[in-house]
Amino acid sequence: MKNKISQEEQEQIISILKVRFEKNLSRHADIDWTKVETKLIANPEKLWSLLQMEKTEGEPDVVAYDKSTNEYIFFDCVAESPKARRSLCYDRKALDSRKEHKPKNSAVDMTAEMGIELLTEEQYRQLQELGNFDTKTSSWIATPEDVRKLGGAVFCDFRYGRVFLYHNGAESYYAARGFRGCLKI
């Protein structure tokens, strides 16, 4: 029963998210938790995705509200790239191209399985305005199609008080590189 969430799991993830919301008010100073919770309860498939983000150690939290779409935006807010999402190449094409020492999955495939999206460069920079993330790790981000067509993929980290954007072969993977996700609800 993929993407199904029990009532108990719904209550559990809502409780975790509420505690995190209250603990990190600076991330969402103008957002009312009761409105977020109402949206969460009305969208169990999105709750399932948030549960997957939590299970893979992403510590999802509300970071914005988009008035034009009436959506709350959640990012992975764990200090370092989520542990359970590291050592992944960028996408399926990259994974299939590896002849040996294949990683267990790819960042793009895993986001699709979880029902979330990779952070864009703009979103990654927005995340860094909320704190210092990836000071020891790095995270794959959504790669522009023209870069991907040439075999590359991009990732970011935060060093020396600034965000750095890098490139690598999409088939590469490292123990300290994972990915951060975004979910709109």
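Modeller: Helices α2 and α3 lie roughly perpendicular to each other, a label for angles of 65 to 115 degrees, whereas under 35 counts as roughly parallel, over 145 as roughly antiparallel and the rest as oblique. Their packing angle is about 105°, and their axes are 5 Å apart. Such axes are lines fitted to C-alpha atoms, for helices over the stretch in contact, and the angles run from 0 to 180 degrees between N-to-C directions. The model is a predicted one, in which local features need pLDDT of at least 70 and side-chain atom pairs count only at pLDDT 80 or more, while totals for chains, interfaces and linings use all residues. Residues are numbered from 1 along each chain as its sequence is written, and side-chain values rest on heavy atoms, with hydrogens and water left out. Helices (H or I, at least four residues) and strands (E, at least two) are DSSP runs, numbered from the N terminus.

Where α2 and α3 meet, L40, I41 and A42 of α2 face P44, L47 and L50 of α3; contact here means heavy atoms within 4.5 Å.

The axes of α1 and α3 (residues 44–55) come within 10 Å of each other and cross at roughly 65°. That angle makes α1 roughly perpendicular to α3. On the α1 side, the contact is made by E9, Q10, I13, I14, I16, L17 and R20, and on the α3 side by P44, L47, L50, L51, E54 and K55.

Between α1 and α2 the axes are 11 Å apart, with a packing angle of about 160°. These two helices are therefore roughly antiparallel to each other. Their crossing is right-handed. The residues in contact are I14, L17, K18 and F21 from α1, with W33, E37, L40 and I41 from α2.

An aromatic pair also belongs to this region. The structure holds seven aromatic pairs; rings of Phe, Tyr and Trp (its six-membered ring) pair if their centres lie within 6.5 Å, with planes under 30 degrees apart called stacked, over 60 edge-to-face and the rest tilted. One of them joins F21 and W33 in a tilted arrangement, 5.2 Å centre to centre and with 50° between the planes. Because F21 lies in α1 (residues 7–23) and W33 in α2 (residues 33–42), the pair ties together parts that are twelve residues apart in sequence. F21 is buried at a relative accessible area of 5%, and W33 is buried at 8%; buried means under 20% relative accessible area, exposed over 50% and partly exposed in between (1.4 Å probe, protein chains only).

Beyond the end of α3, T56 is placed in the loop between α3 and β1. T56 counts as buried, at 12% relative accessibility. Leaving aside neighbours within four places in sequence, T56 is in contact with P82, K83, A84, R85, M110 and M114. Of that group, M114 is 58 residues from T56 in sequence, yet the two are 9.9 Å apart in space, C-alpha to C-alpha.

E59 lies in the loop between α3 and β1 (60–66). Its relative accessible area of 34% makes E59 partly exposed. Most residues other than glycine have a negative phi. The phi of E59 is near 50°, a positive value in a residue other than glycine.

In summary, α1 is roughly antiparallel to α2, while α3 is roughly perpendicular to α1 and to α2. The chain then continues from α3 through the loop that holds T56 and E59.

Notes:
Left-handed = near helix turned anticlockwise from the far one by under 90°.
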